[in-house]
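Welcome! Have the sequence and the 3D view open side by side, and take your time with each group of points below.

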Amino acid sequence: MKRNFIAGFVSGALVFGTIGAIAAGIIANPNPFPIKLNGNDVDIEGYNINDNTYFKLRDVSAAVGGFDVDFVDDTIILTTESDKTGSDEEEEMATLLYQGHGSVKLTLADGKTVYIDPYAGEGYDDPADLILVTHEHGDHNQIDLMPHADDCVVFRSEDAIKDGEYQTLDIYGLHIEPVQAYNKNHDITKCVGYIVTVNDTVLYFAGDTSKTDQMAELSEKNIDYAFLPMDGKFNMDIPEAIECAELIGAKHTVPYHMSPGELFNRERAEQFVTPSATIIEAGESIKL
């Protein structure tokens, strides 16, 4: 059943008439005044009730734009353009899944799937379009855990470093920049971290490392999410990771690779106390 709802302009403000007012027997006379929108004549049927001028909401929406009008379950539904746009943008956002340990999965807005250091956790059902490997230790390079797309690209540390130079990769709308990663357990010539730019979001996956000479320069990258290891056995411990977080200056610094053999360690994560600290549990996803 179609209903007509009436909106009125009083002193330039939009007010809403009620069904109750109509039911009370109030007489509505045709609006005698011309109507201009941004200086241009507009043909909107109006009504004068008790010296106030009213218009149908749908007519106003058609003339002005910016909202839709509907009637559902005895409720007037107004939907603004900003609400509709926001929903579309949310659907188009990329998603990051922290799988646990040092493993992360990115699902891009177009459905492409990127795995970083595959090894731990769940979420390996989607075919890989791109796999990034920071180094060749067994808890970072399990590239056969998932099916591969026909044109899947596997980018390893040996691809990231050629003749001592770091090689960037631009693919699927991503910009991937290898950076230093090293400590007494990890050779600087065989290990990298990755800075991955997804649209306007900058992600840093440090891989296995301790503090590097390059980290002070990373503050210039305006990183949104930095993932730092802090197991204290194969990599730096929590105090050094806090120092690195302050050097890097990311908006969010996520503790990962916290304890050998564990997907996630809540106790250690909560000891990572720094203004940018952001805890993401294994199996948790965030929108980028």
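Helices and strands here are DSSP runs, helices of at least four residues and strands of at least two, and both are numbered from the N terminus. With that in hand, you can find your way around this predicted model. The protein chain contains 6 helices and 23 strands. Of its 288 residues, 44% count as buried. Among contacts between residues at least 6 apart in sequence, 46% join residues at least 24 apart.

**The sheet from β17 to β22**

- Start with an open sheet of 6 strands, whose order is β17-β18-β19-β20-β21-β22 and whose pairing is mixed.
- Its edge strands are β17 (169–171) and β22 (252–256), and each of these pairs on one side only.
- Neighbouring strands in this sheet are turned against each other by 20° on average, direction ignored.
- As background, strands of a sheet pair through backbone hydrogen bonds, either parallel or antiparallel.
- Helix α5 (residues 238–248) packs on this sheet and touches β20, β21 (225–229) and β22. The direction of α5 makes about 155° with that of β21.

**Walking through the strand pairs**

- β17 and β18 are antiparallel, paired over 3 bridges. Look for Leu-169, which stands opposite Ile-176 in β18.
- The hairpin of β17 and β18 has 2 residues between the strands, and Tyr-172 in this hairpin takes a positive phi near 55°.
- Is strand β18 (residues 174–180) mostly covered or uncovered? It is mostly covered, with 6 of its 7 residues buried.
- β18 also runs antiparallel to β19, and 7 bridges join the two. Here Val-179 faces its opposite number, Gly-193 in β19.
- Strand β19 (residues 192–198) continues the antiparallel pairing with strand β20 (residues 201–205), through 5 bridges. Ile-195 stands opposite Tyr-204 in β20.

**A buried leucine in a loop**

- Leu-218 lies in the loop between β20 and β21.
- Why does Leu-218 count as buried? Its relative accessible area is 3%, and the cut-off for buried is under 20%.
- Which residues does Leu-218 touch, leaving out those up to four places away in sequence? They are Val-179, Ile-195, Tyr-204, Ile-223 and Ile-248.
- Leu-218 and Ile-248 are 30 residues apart in sequence, yet their C-alpha atoms are 5.3 Å apart in space.

**Two asparagines with a positive phi**

- Asn-199 has a positive phi, near 55°. You will find Asn-199 in the loop between β19 and β20.
- Because its relative accessibility is 60%, Asn-199 counts as exposed.
- Asn-222 is not a glycine either, and has a positive phi of about 50°. Asn-222 sits in the loop between β20 and β21.
- With a relative accessible area of 52%, Asn-222 is exposed, since the cut-off for exposed is over 50%.

**Another sheet to trace**

- A further 6 strands form an open sheet in the order β14-β13-β12-β11-β10-β23, again with mixed pairing.
- The edge strands are β14 (148–155) and β23 (284–287), each pairing on one side only.
- From one strand to the next, the twist averages 20°.
- Within this sheet, strand β11 (residues 103–107) and strand β12 (residues 113–116) pair in the antiparallel sense over 4 bridges. The bridge partner of Lys-105 in β12 is Tyr-115.

**The second largest pocket**

- About 150 Å³ of space lies in the second largest pocket.
- Its lining residues include His-135, Glu-136, His-137, Ser-157 and Glu-158. Also in the lining are Asn-185, His-186, Asp-187, Thr-189, Lys-190 and Cys-191.
- How many of the lining residues are nonpolar, polar and charged? The lining divides into 1 nonpolar, 6 polar and 4 charged residues.

Conventions: Residues are numbered from 1 along each chain as its sequence is written. This is a predicted model: local features need pLDDT of at least 70, side-chain atom pairs count only at pLDDT 80 or more; totals for chains, interfaces and linings use all residues. Side-chain values use heavy atoms; hydrogens and water are left out. Two strands pair if DSSP finds at least two bridges between them. Axes are lines fitted to C-alpha atoms, for helices over the stretch in contact, and angles run from 0 to 180 degrees between N-to-C directions. Contact means heavy atoms within 4.5 Å. On a 1 Å grid over the protein atoms alone, a cavity is a set of points where a 1.4 Å probe fits but cannot get out, and a pocket is an open set with protein on both sides within 12 Å along at least five of seven lines; lining residues have an atom within 4 Å of a point. Grid points are joined across faces, edges and corners, and a volume is the space filled by probe spheres set on the points. Ala, Val, Leu, Ile, Met, Phe, Trp, Tyr, Cys and Pro count as nonpolar, Asp, Glu, Lys and Arg as charged, and the others, Gly among them, as polar. Buried means under 20% relative accessible area, exposed over 50%, partly exposed in between (1.4 Å probe, protein chains only).
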